[in-house]
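Visitor: I am new to this structure and would like a close look at a single part of it. Please keep the account plain.

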Amino acid sequence: MKALIKVLVVSVVGAGIGVGVGRMLAPTGEPPPKTSLGKLQKGNEHFVKGKLTHPRQDPETRQKLAYEGQSPMAIVVACADSRVPPEILFDQGLGDLFVVRCAGNVVDDYQIASIEYAVAHLKVPLLVVLGHSDCGAVKACVAGKPLEGHLPKLMQGIEPALRKVKATRPHLKDKALVERVIAENVRLTLLNLYKRSEIIQTQMKKGKLEIAGGVYHLSEGTIEWLKLPEEIAFAEAKPEKPGAPKEAHGHEVHGEKEHAHEEKAAEGVKHSQKAHSEKHADPHAGGKGSH
Ligand SMILES: [Zn+2]
């Protein structure tokens, strides 16, 4: 009898501990991000920590995509610089990102057409323009020296950002000027896409396409998410964790305390997060290495 009571007591205590442990463990298991932007942010966290998961790069995924076709979760317009490959710095795999790269992350007809294809035909719900620190194309534009071949044409794409920064912040020089132009160039590329593409404009207004602009920091690996121009801020993608972009920025890029965009981004989007999450949460949520 004594032994039986002992067993019962141990069982009850054991069960109690079990419940307690269960309760303690549950909150630590973070739910996977639901939105495309959340998935990119999560992937970038892996990259920053040096803990890449290399998802969806196996032969099964390759065959599945070849058979079923692509359904990328985001379009990323990035610089051609070899140090900023979007698939690696967002820790994504085959079929995840529709990437358009051009030095200085500027866009003209061919890039716009590529993006329109992804928006209109692949129904991609997020468009990201990604600049990066120490961008050679932006530095060349700021330096203003004569360039050979087709390079002057590329400079024409970046010049509006330089003119805008010089007009609004004439005191900026050297590195601070370059950094500001890098950020402004990202914003103007987004605005340029909106103004020049009826397809992009329509999908944004319908709430089917969200946008985000960021600056990738070469040494830290982090991405600073920017405040967008007012004309298009209505479609700004919403970070999943309040204050997440602020953490992601980590430091001042432009040497000025005017990062109102963090507050803006944390405020959230007024439009249509729902549409995307619904369409894109499922295909990318399950299986190994979800976004
Ligand atoms: Zn660059």
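In what sense do β1 and strand β3 pair, and over how many bridges?

Guide: β1 and β3 (residues 126-132) pair in the parallel sense, over four bridges. Two strands pair if DSSP finds at least two bridges between them. Strands here are DSSP runs of E with at least two residues, and helices are runs of H or I with at least four, both numbered from the N terminus. Residues are numbered from 1 along each chain as its sequence is written. This is a predicted model, in which local features need pLDDT of at least 70 and side-chain atom pairs count only at pLDDT 80 or more, while totals for chains, interfaces and linings use all residues.

β1 itself spans residues 74-78, and five of its five residues are buried. A residue counts as buried if 20 or more other C-beta atoms, placed from the backbone, lie within 10 Å of its own, as exposed if 12 or fewer do, and as partly exposed in between. Both faces of β1 are covered: on one side A74, V76 and A78 are buried, and on the other I75 and V77 are.

As for the setting, the protein chain has 12 helices and five strands. Of its 291 residues, 40% count as buried.
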